[in-house]
Amino acid sequence: MTKPEDLARINIDSQLKAAGWEVQDRQDANLGASLGVAVRYFQMKDQKEADYVLFVYRKAVGVLEAKAEGITLSGVEVQTENYLNLLPDGIPNVGNPLPFAYESTGIETYFCDGRDPEARSRRLFTFHTPEQLKNWLAEENTLRDRLKVLPEISDPR
């Protein structure tokens, strides 16, 4: 019998693959297999396992926490946030804490870019592509940072 958590992971794996991620188990991980690799059951510093750690160009960029359908994802944000700070020493990464956090049931998905000036989770239809995360990391500032410094609009009258 398939448990609700397992069904969520089946749906999440499918969505990650559709977005261009190579999904791998920790013991078989090959970070060079693709631009974006999602590693399942990744052992963190606190000896707990993150459901998925996301790697772009062989560097950790974020964490995805999977929950069974029906779980309120807003209550999961704290757990995901903790994992962003618990990457084991020696794992290549883009920063500490990792910038990107996802929570998903396979039906509902939330995302937070921790680099935003007022970071908060937002609902998504599906996961971002590895290319999108790579492009965001190449930007000096996030979109919300740039929106804060728009020039004033002059009154044409």
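What share of the contacts in the protein chain with a separation of 6 or more is accounted for by residues 24 or more positions apart? The share is 49%. Keep that figure in mind during the tour, and remember that this is a predicted model.

**Stop 1: the whole chain**

Select the protein chain. Colour it by secondary structure. There are four helices and seven strands. In sequence order the pattern reads α-β-β-β-β-α-β-β-β-α-α. The radius of gyration is 17 Å, close to the 15 Å that the globule rule gives for 157 residues, so the chain is as compact as a globular protein of that length.

Along its principal axes it spans about 70 × 35 × 30 Å. The accessible surface comes to about 9,300 Å². Carbon and sulfur atoms hold 49% of that area. Of the 157 residues, 39% count as buried.

**Stop 2: Ser-34**

Select Ser-34. You are in the loop between strand 1 (22–25) and strand 2. Is Ser-34 buried, partly exposed or exposed? Its relative accessibility is 24%, so Ser-34 counts as partly exposed. Show its contacts. Leaving aside neighbours within four places in sequence, Ser-34 is in contact with Gly-20 and Glu-22. Ser-34 and Val-56 are 22 residues apart along the chain, and their C-alpha atoms are separated by 8.3 Å.

**Stop 3: Tyr-41**

Move on to strand 2, residues 36–43, and pick Tyr-41. Check its backbone. Phi of Tyr-41 is near 55°, a positive value in a residue other than glycine.

**Stop 4: Gln-47**

Next, select Gln-47. This residue sits in the loop between strand 2 and strand 3. Its relative accessible area is 59%, so Gln-47 is exposed.

**Stop 5: Arg-58**

Go to the loop between strand 3 (49–56) and strand 4, where Arg-58 is found. Here is another backbone angle to inspect. Arg-58 is not a glycine, but its phi is positive, about 70°.

**Stop 6: Glu-69**

Follow the chain to the loop between strand 4 (59–66) and helix 2, and select Glu-69. How is Glu-69 classed, buried or exposed? With 56% relative accessibility, Glu-69 counts as exposed. Which residues does Glu-69 touch, not counting residues up to four places away in sequence? Thr-105 and Ile-107 are the ones to show. Draw a line from Glu-69 to Thr-105, C-alpha to C-alpha. The pair is 36 residues apart in sequence and 4.9 Å apart in space.

**Stop 7: Asn-96 and Pro-97**

Pro-97 is found in the loop between helix 2 and strand 5. Select it together with Asn-96. A cis peptide bond joins the two, with omega at about 5°. For comparison, most peptide bonds are trans.

**Stop 8: the largest pocket**

About 280 Å³ of space lies in it. It is lined by 18 residues. Begin with the ones closest to its centre: Glu-81, Leu-84, Ala-101, Cys-112 and Gly-114. Then highlight helix 2 (77–84) and strand 5 (100–104), which each supply at least two lining residues. Which element gives the largest share of this lining? Helix 2 does, with four residues. Colour the lining by class. You will find eight nonpolar, five polar and five charged residues.

**Stop 9: the second largest pocket**

The last stop is the second largest pocket. About 210 Å³ of space lies there. It has 15 lining residues, and those nearest its centre are Asp-113, Asp-116, Trp-136, Leu-143 and Arg-144. Which elements give two or more residues to this lining? Highlight strand 6 (109–113), strand 7 (122–124) and helix 4 (143–147). Colour by class again. This lining divides into five nonpolar, two polar and eight charged residues.

Note on methods. Residues numbered from 1 in each chain as written. Predicted model: local features only at pLDDT ≥ 70, side-chain atom pairs only at ≥ 80, totals over all residues. Heavy atoms only, no water. 1 Å grid on protein atoms, 1.4 Å probe; cavity = no way out; pocket = protein on both sides within 12 Å on 5 of 7 lines; lining within 4 Å. Points joined across faces, edges and corners; volume = space filled by probe spheres on them. Nonpolar A, V, L, I, M, F, W, Y, C, P; charged D, E, K, R; others polar. Rg over C-alpha atoms; globule rule 2.2 N^0.38 Å. Buried < 20%, exposed > 50% of the residue type's maximum accessible area, 1.4 Å probe, protein only. Contact = heavy atoms within 4.5 Å. Areas by Shrake-Rupley, 256 points an atom, 1.4 Å probe, with all protein chains shown as cover.
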